[in-house]
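Subject: Structure for your files

Hello,

Here is the structure we spoke about. My notes on it follow below.

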Amino acid sequence: LAATHPATDLDGSPKFETHGADMSYREKSTWVLLVSLVLSHGWYFQWFLQDLNRPVAAYVAVYGVAVIGLAVMSAIGSVVIYWGSANDRPDERDRHIEDRSTRAAYMVHAVAIVLSLGVVFSQLMSAPDSAFARPIVVVHLFYGCFVLAEIVRFGLCAVNYRRSAA
Amino acid sequence: VTITNTIRRLRFDAGEMTQQQLAERCGVTRQTIMAVEAGKYSPSLELAFRIAFAFGKPLGDVFQATPDAVS
């Protein structure tokens with residue numbers, strides 16, 4: 001989107017520069033991380049949920065692929081957006097948006113952890129042989145809480161950037 | 001408190017200073033200047049002063065506050 005020099009409106013007042021919905025480097029970076037995380041971990045968790053009784057080595061291998069995928073997608077995305085915009089250092093608006101989003105994501109994380117604990121405890125007491133008694137499933141449950149909180153954080157950042165955009 | 005500003009007018013009066021130029025003088029991104037100018041983001045007191053300094057104006061000439069009606 002090309003910047004336009006200020007001109008005057010019909011009433012003689014200067015126009016806004018019409019950058020439209022252009023994004024700062026930080027906002028684009030937020031989108032890259034959000035999409036990379038959703039794709040890599042969405043793929044991993046849907047694979048995980050298909051069968052909860054796989055050998056641990058299978059989880060390690062596929063999780064490794066997901067993490068490498070996350071790193072590769074983030075790196076490629078970062079390179080692409082770097083060419084399209086100045087790599088500005090975060091300013092006070094960036095920090096304000098990140099702080100607000102992190103606070104909300106922390107609450108989501110806390111609630112999800114407590115709910116997960118409730119699920120694990122109830123399953124252990126009522127059905128100790130269920131899948132929720134397996135350490136690998138419990139670990140994934142809590143890891144899923146963390147991933148959910150990160151998705152909420154990046155998502156809220158993206159929303160807050162748009163809401164405060166001119 | 002409703003905060004308004006005259007950045008748009010002041011940029012015009014300052015030889016059509018671009019938002020990018022103002023952003024560089026204030027040490028923030030152009031998007032932040034755009035958000036402040038459009039009233040979508042209330043700057044910190046420090047940034048508000050830096051914007052005023054960039055125009056060589058007192059703070060009150062750049063930002064105006066109107067108390068909201070209390071019911």
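**A threonine in chain B**

The side chain of B:Thr32 is in polar contact with the side chain of B:Thr29, at 3.0 Å. A polar contact here is a pair of N or O atoms within 3.5 Å; within protein, one must be able to donate a hydrogen and the other to accept it, and residues adjacent in sequence count only if both atoms are side-chain atoms. A second polar contact joins the side chains of B:Thr32 and A:Asp91, at 2.6 Å. B:Thr32 sits in helix 3 (residues 30-37) of chain B and is buried, its relative accessible area being 0%. Buried means under 20% relative accessible area, exposed over 50%, and partly exposed in between (1.4 Å probe, protein chains only). Helices (H or I, at least four residues) and strands (E, at least two) are DSSP runs, numbered from the N terminus.

**How to read this**

This is a predicted model: local features need pLDDT of at least 70, side-chain atom pairs count only at pLDDT 80 or more, and totals for chains, interfaces and linings use all residues. Residues are numbered from 1 along each chain as its sequence is written, chains are lettered from A and ligands numbered from 1 in the order in which they are written, and side-chain values use heavy atoms, with hydrogens and water left out.

**Helices in chain A**

Helix 3 (residues 92-126) and helix 4 (residues 135-163) of chain A pack with their axes 8 Å apart, at an angle of about 155°. Helix 3 of chain A is therefore roughly antiparallel to helix 4 of chain A (angles over 145 degrees count as such; axes are lines fitted to C-alpha atoms, for helices over the stretch in contact, and angles run from 0 to 180 degrees between N-to-C directions).

A:Ala66 belongs to helix 2 (residues 56-84) of chain A and is buried, at 2% relative accessibility. From A:Ala66 to A:Gly77 is 11 residues in sequence and 16 Å in space, C-alpha to C-alpha.

**Cysteines**

The search of the whole structure gives 0 disulfides over all chains, a disulfide being a pair of cysteine sulfur atoms within 2.5 Å. For A:Cys145, the nearest cysteine sulfur is that of A:Cys157, 20 Å away. A:Cys145 is buried at 5% relative accessible area, and B:Cys26 is buried at 1%.

**A proline in chain B**

B:Pro67 lies in the segment after strand 2 (63-66) of chain B and is exposed, with a relative accessible area of 67%. Its C-alpha is 6.3 Å from that of B:Thr2, 65 residues apart along the chain.

Regards

Notes: Angles under 35 degrees count as roughly parallel, over 145 as roughly antiparallel, 65 to 115 as roughly perpendicular and the rest as oblique.
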